[in-house]
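I opened this notebook to record what I looked up in the structure shown below.

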Amino acid sequence: MTKKIVDFRNYTQEVIKAFDEDRVLLVSQGKQGLPNVMAIGWGTTGIIWRRPIFIVLVRPSRYTYRLIEESGEFTVNIVPPRLKEVVQYCGTVSGRDYDKFKEKQLTAIPSVKVKTPIIKEGILHFECQVVHKNDLVSSEIAKPIIPQFYPKGDFHRVFFGEILACQHGD
């Protein structure tokens, strides 16, 4: 099956399920043109400013953070269940030190609308251009959340990516 352009709204439940099952990979690519892949466990799609948006959260300490800041874009890739181990690996090592595409035999292929590639082995892809970013404000986060998710005070930056293309297929 080849990749085809689809309406992202038809895949909301698939995205939620993929987050529940740890099958979501975020790809970023900086000025040097080398793609990096990172596992993400939080994100959502919706409509903001009458635009289709994918929201992702990335800590400033992550290599991916710098690459998104440089390029102003990212892709979100849902992978099949058989690649869950790959997602786990991509969530434990840094792209500063490892070429995770090479290590896990992932194939970066061109996107339709952005320079950042998608992952060929994925089944659903969102190509996003950053239209807003915002740092979480610790004083505005419910108190029980902080010790569980931010014991070191390393709060995320929230990237709002306008979905320029959504592709489905394997």
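**Strand pairing**

The model I consulted is a predicted one.

I next looked up the strands around this position. E9 and strand E10 (residues 157-168) run antiparallel to each other, and 11 bridges join them. I then turned to the other pairing of E9 on my list: strand E6 (residues 73-78) and strand E9 (residues 124-135) are also antiparallel, with six bridges.

**Whole protein**

I looked up the secondary structure and recorded five helices and 10 strands in the protein. I asked why the protein may be called as compact as a globular protein of its length. Its radius of gyration is 15 Å, close to the 15 Å that the globule rule gives for 170 residues, and the protein is therefore as compact as a globular protein of that length. For its extent, I noted that the C-alpha trace spans about 45 × 40 × 30 Å along the principal axes.

I checked the contacts with a separation of 6 or more: 73% of them join residues 24 or more positions apart.

**Burial, surface and charge**

Of the 170 residues, 48% are buried. I recorded an accessible surface of about 9100 Å², and carbon and sulfur atoms hold 50% of this surface.

Finally, I looked up the charges and found 24 positive and 19 negative side chains. The centres of these two sets lie 2 Å apart.

Definitions and conventions
Residues numbered from 1 in each chain as written. Predicted model: local features only at pLDDT ≥ 70, side-chain atom pairs only at ≥ 80, totals over all residues. Heavy atoms only, no water. Helix = DSSP H or I, 4+ residues; strand = E, 2+ residues; numbered from the N terminus. Rg over C-alpha atoms; globule rule 2.2 N^0.38 Å. Buried < 20%, exposed > 50% of the residue type's maximum accessible area, 1.4 Å probe, protein only. Contact = heavy atoms within 4.5 Å. Areas by Shrake-Rupley, 256 points an atom, 1.4 Å probe, with all protein chains shown as cover. Lys, Arg positive; Asp, Glu negative; His and termini not counted. Charge placed at Lys NZ, Arg CZ, Asp CG, Glu CD. Pairing = 2+ DSSP bridges.
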